[in-house]
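The sequence and structure are shown first.

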Amino acid sequence: MAKAFTKYCKLNLYTFEKTSGNSYATRLKTKLESGPSPMTCTQKSNVYECRGVVTGSSEPVRIYFKSDMKNPTSLSVHFHGHYSDSEGTKAGSYPFSAANGNYAQMLEQSKSQAILIVPESKGKVLTYKKDFATAAQWSKWIQGVESRLGLDPKLPMTLSGHSGADAILNSIGSFCAAHTWDCSRVKSLGLFDANYGELRNGGLVGRDGLKSLVSSTERNQGTIFIRDTEDVGLTNANKALVAGVNSSRLNVKTIKTKHMAIMKDGDFSTFLDL
């Protein structure tokens, strides 16, 4: 009798949420659309995309979550690459194009219950470099995101970047090395054509922060997920980056695709499941 009653309650709660719009995702959407800095949210298939201002960002931030999400399991922060913002959406490097930068679709294709955050940046990641120049700025932004979303500040995180976003990941890694930001939350690191350190005598120069982020992710028993295109040719740089890392922590592939398509063709959906 007790089991039947419990099943009945769960079924009716599910029905109530579906019919009343009282699901976690719907409540989160309502929260983001209200307040002093309301966001604009649109539903793209099974995913909400909300765009607007977050404390600490000088450009808009895009927030993605599934419309049937019950409870977020992680916070995924992704940085796009260089963008010729003067050309707007017509730019070949436009990071949110339907063809190559459809983050809503990539999240939908994953099994993840993560909330995906993609802050926007102008030029050669100039916004990132300005907004996240110090550990204090980066921490304030993360706290602003968590406050806006009502998230547990201990929720596991994934960090990823495409192309020239390796510069900001390098900076974040330097905060880890200096112990000015706690990297113990980082459970996975994704690099998509995103390692432009210089090779010298077989070693990687100019990306000490990125090395630190790799080491932190390994210590956290997370995954270092790397995809590079044959045309860009970062294979040797990536080998130097992960030298000495336990192979069980690595998911590294070189693929045949175009640089701007590496998110779509390089298994970003799989990365979100980590």
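Strand β3 (residues 61–66) pairs with strand β5 (residues 115–119) in the antiparallel sense, over 4 bridges. Helices (H or I, at least four residues) and strands (E, at least two) are DSSP runs, numbered from the N terminus, and two strands pair if DSSP finds at least two bridges between them. Within this pair, I63 stands opposite I117 of β5.

The model is predicted: local features need pLDDT of at least 70, side-chain atom pairs count only at pLDDT 80 or more, and totals for chains, interfaces and linings use all residues. Residues are numbered from 1 along each chain as its sequence is written, and side-chain values use heavy atoms, with hydrogens and water left out. For pLDDT, the predictor's confidence in each residue from 0 to 100, the chain has a mean of 90, and 90% of its residues reach 70 or more. Over residues 1–20 the pLDDT is below 50, and this stretch has 4 contacts in the model beyond near neighbours in sequence; contact means heavy atoms within 4.5 Å.

**Sheet and packed helices**

An open sheet of 9 strands runs in the order β1-β2-β3-β5-β4-β6-β7-β10-β11, with mixed pairing. Its edge strands, β1 (40–44) and β11 (250–255), each pair on one side only. On average, neighbouring strands of this sheet are turned by 15° against each other, direction ignored. Axes are lines fitted to C-alpha atoms, for helices over the stretch in contact, and angles run from 0 to 180 degrees between N-to-C directions.

Helix α5 (residues 135–149) lies across β3, β4 (75–79), β5 and β6 (157–162), and runs at about 130° to β4. Helix α6 (residues 166–177) also packs on the sheet, where it touches β4, β6 and β7 (186–192); its direction makes about 145° with that of β6.

A114 lies in the loop between α3 (103–109) and β5. This residue is buried, with a relative accessible area of 2%; buried means under 20% relative accessible area, exposed over 50%, and partly exposed in between (1.4 Å probe, protein chains only). Not counting residues up to four places away in sequence, A114 touches Y64, F65, M69, T73, S74, S76 and L107. The C-alpha atoms of A114 and T158 are separated by 9.4 Å, although the two residues are 44 residues apart along the chain.

**Helix α7**

Helix α7 (residues 208–219) has 12 residues and should span 16 Å at 1.5 Å a residue, which agrees with the 16 Å between its end C-alpha atoms. The expected span is 1.5 Å times one less than the number of residues. The buried residues of α7 are G209, L210, S212, L213, V214, S216 and T217. Their cover includes β6, α6, β7, β10 (223–229) and α8 (235–241). Just after α7, Q221 takes a positive phi of about 60°.

**Disulfides**

A disulfide is counted where a pair of cysteine sulfur atoms lies within 2.5 Å; by this rule the count comes to 2. With the bonded cysteines numbered in sequence order, the pairing is 1-2, 3-4.

| Disulfide | S to S | Torsion about S-S | Handedness |
|---|---|---|---|
| C41–C50 | 2.1 Å | about 115° | right-handed |
| C176–C183 | 1.6 Å | -70° | left-handed |

C41 is buried at a relative accessible area of 12%, and C50 is buried at 0%.
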